[in-house]
Structures are given as structure tokens and as C-alpha cells.
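Please prepare a short briefing on the structure shown below.

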Amino acid sequence: MDEPKETVAKAPVKPAIDSQKSAKSSTEKEATIYIDGKFFPEADAKISVFDHGLLYGDGIFEGIRFYNGRVFRLEEHLERLWDSARSICLEIPIGRGEMTEALLETIRQNGLREGYIRLIVTRGVGNLGLNPTQCKRPSIIIIATTIALYSKEVCEKGLTVVTCATRRTGAAALNPAVKSLNYLNNVMARIEANLAGADEALMLNEAGNVAECTADNVFIIKRGHIFTPPIAAGALRGITRAVVFDIAAELGLKIKETDITRHDVFVADECFLTGTAAEVIPVIKADGRVIGNGKPSAITLRMIKRFRELTRETGTPIFA
Ligand SMILES: Cc1ncc(COP(=O)(O)O)c(C=O)c1O
């Protein structure tokens, strides 16, 4: 196989996730991608077909946003990455300092001040057997690009969700706290939402309680109190979820982690989702039931406002 070419391209890149566009426009340039210490143009950024990340979904990842020249909650994302790695016995081949520099340099190489990073650590190249001992060195891939998960209109009006039949994986199978490359469970849920014409899928756990959505944590508000499922219900320990806890404390609002049923969602005054890609986004309909007055309401809007302020004011500087 030809050795991929290294480059130092600096240009805006196409959106990583954009429901509006599917092809690159003529003004969009190729992304520059980090793989194991080197930078490659998008077309040359390749990994082996024997990488167990591809063959078995054996690996971990993080989705991280940067705003206004700063990476938002970088330490927390790296902490979770290292926790995921430890849980699946994967040794990340570089230290946190080196990882931070690799992330920042990837953003710089792409000439971006706002965007989204996908950081992936695969088990590495092995053989066709699934035994990870065959994989001698994990691979690190970093993609820095722009992202627009939902249209501006959907972000302002709020999302519709449907409950899907696909259950969140139980902790006894694949613990949802591990942000692994194995997202087929969530992909199946997402397909159900697509087929139902909804924006997102509400995923339940084996007990029938709300766990989370396919890539977001769920919050509901009833009579001024905020509720969210506990991590043990099958929710990812979301970084944005934690930011919402911080904001609530700042605003003097209480959040209770408790089991939530579909009924609780139907009768909530407000509902919103949190995720790095989705940010803080209102939900206005669940399984055809209008939530509250069907519009993003007071507490959700206060959360969104403060969240936006924090994203612009805090974070690890990229160009310092
Ligand atoms: C399954 C799942 N739940 C929740 C979240 C939200 O987590 P965070 O706020 O850390 O992006 C994500 C996204 O990473 C996710 O994939």
C-alpha cells in the first residue's frame, strides 16, 4: 500500500454531520486528519482493514466541541476517554499532555476557531480473530471539522422524539458508560426515529425507564424541578449533562437524578436534551404528545442562554 501523503493544509472543512448537505461544495476544502502522530489530507487518511476498530467496533471515542478559539471541557473529555480505555483494557499509547497537543494542533492545521473534534482510539491492527492480544498498538485518529446536527429552525422550535423498541444496552452486556466504537444499538434506535419521521429516539432501559436518546442525555422539568435519569439507568456520563448540573447550581435550580418513565416525559412542562453535538436543545413533542405548551420554555431557554455564554467564555485556548 502506498504511504499516505502528509500535508499542512489550512482551510475550512465540510460539516461532519449536516442534515442539509451531503456533498462537498466547491469552496469547501479537504480536512487534515491526524493519525498516529502524522497529518494526512482527508483522501489519504486511511487505516488498515485489519484494525479491530473496524472489524469489531473495538475502540473508544470522544466528540468534543471548540468555540471561539477554545476547546470546551477538554479535560473532562480526556478523563472520560481514559476511563473508557481503562474499562476495556486498552492502553492509550500517548500521555494526556501529548494528546492535548495533538488535538490542538489538528484544529490549527485545519484553520478552525469553531467546530467539532472526533477523537478515536482503536484497538489497532490484529488478525481476523477477535482476541485483542493480537493487536500490538492502538491507533489514534483525530478529525477536526465543522458540525451542524440540526437546522437552525429545529434548534429554535424544538425537536420531536419517539420512543423506540430498541433498548439501551444493559450494563451487564456493554456498559453504556463506555463510549465505545460499538454504536450499533444507537444506530438501530436512530433508524427507528428516521422511519417514524421524528428528530430523535428516546431509548428505554431493560426496566422500561428512560435511559437517554441516541447521542444525548434527557432532562425534564415539572413544576420548576428538573429531573434526569441516573447514570445507572443506562445514561452516558455526559459532559454537557454535567455542564447543565453546574448551570442549575449557579441559577439556584435543583436537579434530581431519578428514574423517568415515558409518562413523566408526556406530562412534563419542558424537556430538553444535552450532548456535545446537539448542545442544549428543546424537545416539544414525544410520541405525538405535545410537551408543555409545545414551545421551548423558561427554564430550557435560561439553560441554553447560559450554556452559550459558557461555551464562548471558557475552555482550553487553541492558539495561545
Ligand atoms: C449515547 C450518548 N449519550 C449521551 C451523549 C452526550 O454526552 P456529551 O454531552 O458528553 O456529548 C452522547 C454523546 O457523546 C452519547 O453518545
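Val283 touches Gly158, Leu159, Val161, Cys271, Phe272, Leu273 and Ile291, residues up to four places away in sequence not being counted; two residues are in contact if their C-beta atoms, placed from the backbone, lie within 7 Å. The model is predicted: local features need pLDDT of at least 70 and side-chain atom pairs count only at pLDDT 80 or more, while totals for chains, interfaces and linings use all residues. Residues are numbered from 1 along each chain as its sequence is written.

**Nonpolar cores**

- A residue is buried if 20 or more other C-beta atoms lie within 10 Å of its own, exposed if 12 or fewer, and partly exposed in between, with C-beta atoms placed from the backbone.
- A nonpolar core is a set of buried Ala, Val, Leu, Ile, Met, Phe, Trp, Tyr and Cys residues joined through C-beta atoms within 7 Å.
- The largest nonpolar core has 44 residues, of which Val161, Ala201, Leu202, Ile220, Cys271 and Val283 touch the most other members.
- Strand S15 (residues 279-286) gives the most to this core, namely 5 residues; helices (H or I, at least four residues) and strands (E, at least two) are DSSP runs, numbered from the N terminus.
- Another core, of 29 residues, lies apart from it and has Phe40, Tyr116, Ile117 and Val121 among its members.

**Glu200**

- Glu200 is found in strand S9 (residues 200-204).
- Glu200 counts as buried because 26 other C-beta atoms lie within 10 Å.
- Leaving aside neighbours within four places in sequence, the contacts of Glu200 are Leu159, Val161, Ala193, Cys213, Thr214, Asp216 and Leu273.
- Glu200 and Cys164 are 36 residues apart along the chain, and their C-alpha atoms are separated by 9.4 Å.

**Helix H2**

- Helix H2 (residues 74-87) has 14 residues and reaches 20 Å from its first C-alpha to its last, close to the 20 Å expected at 1.5 Å a residue; the expected span is 1.5 Å times one less than the number of residues.
- Within H2, the residues Leu74, His77, Arg80, Leu81 and Ser84 are buried.
- They lie on the same side of H2 because they cover an arc of only 130 degrees around the axis, the arc being that of the directions from the helix axis to the C-beta atoms.
- The cover over the buried residues of H2 includes helix H3 (96-109) and strand S6 (115-122).
- Just after H2, Cys89 takes a positive phi of about 55 degrees.
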